[in-house]
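Let's walk through this fold together, from a sheet to the spaces around it. Keep the viewer open as you read.

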Amino acid sequence: MERSLTMEIVRVTEAAALKSARWMGRGKKEEADDAATSAMRDVFDTIPMKGRVVIGEGEMDEAPMLYIGEELGTGSGPSVDVAVDPLEGTNIVAQGTWNALAVIAIADHKKLLHAPDMYMKKIAVGPEAVGKVDINASTADNLKAVAEAKNKAVEDLVVIVLDRPRHKELIEEIRVAGARIKLIPDGDVAAAMNTAFDDTGVDLLLGIGGAPEGVLGAVALKCLGGEMQGKLIPSNDEERERCKDMGIPDTEKVLYMDDFCGGDDAIFAATGVTDGELLQGVQFKGANNATTQTVVMRAKSGTVRFIDGKHSLEKKPNLVIKP
């Protein structure tokens, strides 16, 4: 995979963030998502690659663009699989809260897990705890393992969990073990990524979230030297059949890093739409200027870059909308 794609996909996430950020706090999540998706799709048309969407906005009959199987890029350059979430946290933007991102992951052709759109049980940790956790182990045992790996007391750990009724038992287990909890309304791609950065104060992610977001989070952690494990949770026979159709016949199988993203190379980029622990959201500076903050990383080199962008919207009229 060509190194130049690293900066090319930054342009894509920046465009999605800039266009969707106008909808922050306006209570219109569909409009925010549509804005991010259209901006992302427009910039993809300019990138020299032969891309294929494996995780996107839905099936061909469900989404007008960035649908699963759609071809992206100019048709020249490397063949890559593309996973996108144009707006990871549509509710976050609608409500004006923390950690909404525009997200892309790419890997060599047939190297990304084609995850069905269903629930997935996940555990994610940063580099210090790689190889120390087990998704089938008890919550208490995993907390002890992470604490030991990070030279902390269990009471000093911060576990990030989606705030959902389904996590009532998990939350109680964490509290009984003595660890601290950060409940989030949405955005578990950002949560997984944050486990690999000390400054975020997050030690591990636990719980059930979306399977497509699991793949995106795993690619980020592959670039950062962290680890994610997952188990699909189909809710009916139709979803079980879908797993089989997508090459996952055993839904009890634990998915490891090489299952999420095979090979030795992948690129991940995320641009902040709203402020978060790791990235600042889009800020509009007067009528025609805006700033963005993006993290972009590559697994093969281990390079992680934070990019502060300054944008003249006067020269990018396609990104200017009036909600």
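Helices and strands here are DSSP runs, with helices being H or I of at least four residues and strands E of at least two, and both are numbered from the N terminus. You are looking at a predicted model, in which local features need pLDDT of at least 70 and side-chain atom pairs count only at pLDDT 80 or more, while totals for chains, interfaces and linings use all residues. Residues are numbered from 1 along each chain as its sequence is written, and side-chain values use heavy atoms, with hydrogens and water left out.

Strand β6 (residues 158-162) runs parallel to β7, and 5 bridges join the two. Here L162 stands opposite I184 in β7.

Next come the open spaces. On a 1 Å grid over the protein atoms alone, a pocket is an open set of points with protein on both sides within 12 Å along at least five of seven lines, a cavity is a set where a 1.4 Å probe fits but cannot get out, and lining residues have an atom within 4 Å of a point. Grid points are joined across faces, edges and corners, and a volume is the space filled by probe spheres set on the points.

The largest pocket has a volume of about 860 Å³. Its lining counts 36 residues, and D85, D117, G210, P212 and E213 lie nearest its centre. At least two lining residues come from each of α2 (29-44), β1 (50-55), β3 (79-88), α3 (90-95), β8, α7 (211-224) and α8 (237-245). Which element supplies the largest share of this lining? That is β3, with 4 residues. Sorted by class, the lining has 12 nonpolar, 8 polar and 16 charged residues; Ala, Val, Leu, Ile, Met, Phe, Trp, Tyr, Cys and Pro count as nonpolar, Asp, Glu, Lys and Arg as charged, and the others, Gly among them, as polar.

The second largest pocket holds about 310 Å³ of space. Among the 18 residues that line this pocket, K121, T139, L170, E173 and G207 are the closest to its centre. Two or more lining residues come from each of β5 (119-125), α4 (139-149), α5 and β8. By class, this lining has 7 nonpolar, 6 polar and 5 charged residues.

The largest share, 5 residues, comes from β8, and L162 is one of the lining residues.

Finally, look at two links between parts of the chain. N136 is found in the loop between β5 and α4. Leaving aside its neighbours within four places in sequence, N136 is in contact with K231 and V254. N136 and K231 are 95 residues apart in sequence, and 9.5 Å apart in space, C-alpha to C-alpha.

The other link is aromatic. Rings of Phe, Tyr and Trp (its six-membered ring) pair if their centres lie within 6.5 Å, with planes under 30 degrees apart counted as stacked, over 60 as edge-to-face and the rest as tilted. By this rule there is 1 aromatic pair. F197 and F306 form this edge-to-face pair, at 5.9 Å centre to centre and 70° between the planes. The pair links distant parts of the chain, with F197 in the loop between α6 (188-194) and β8, and F306 in strand β13 (residues 304-312), 109 residues apart.

Definitions and conventions: Pairing = 2+ DSSP bridges. Contact = heavy atoms within 4.5 Å.
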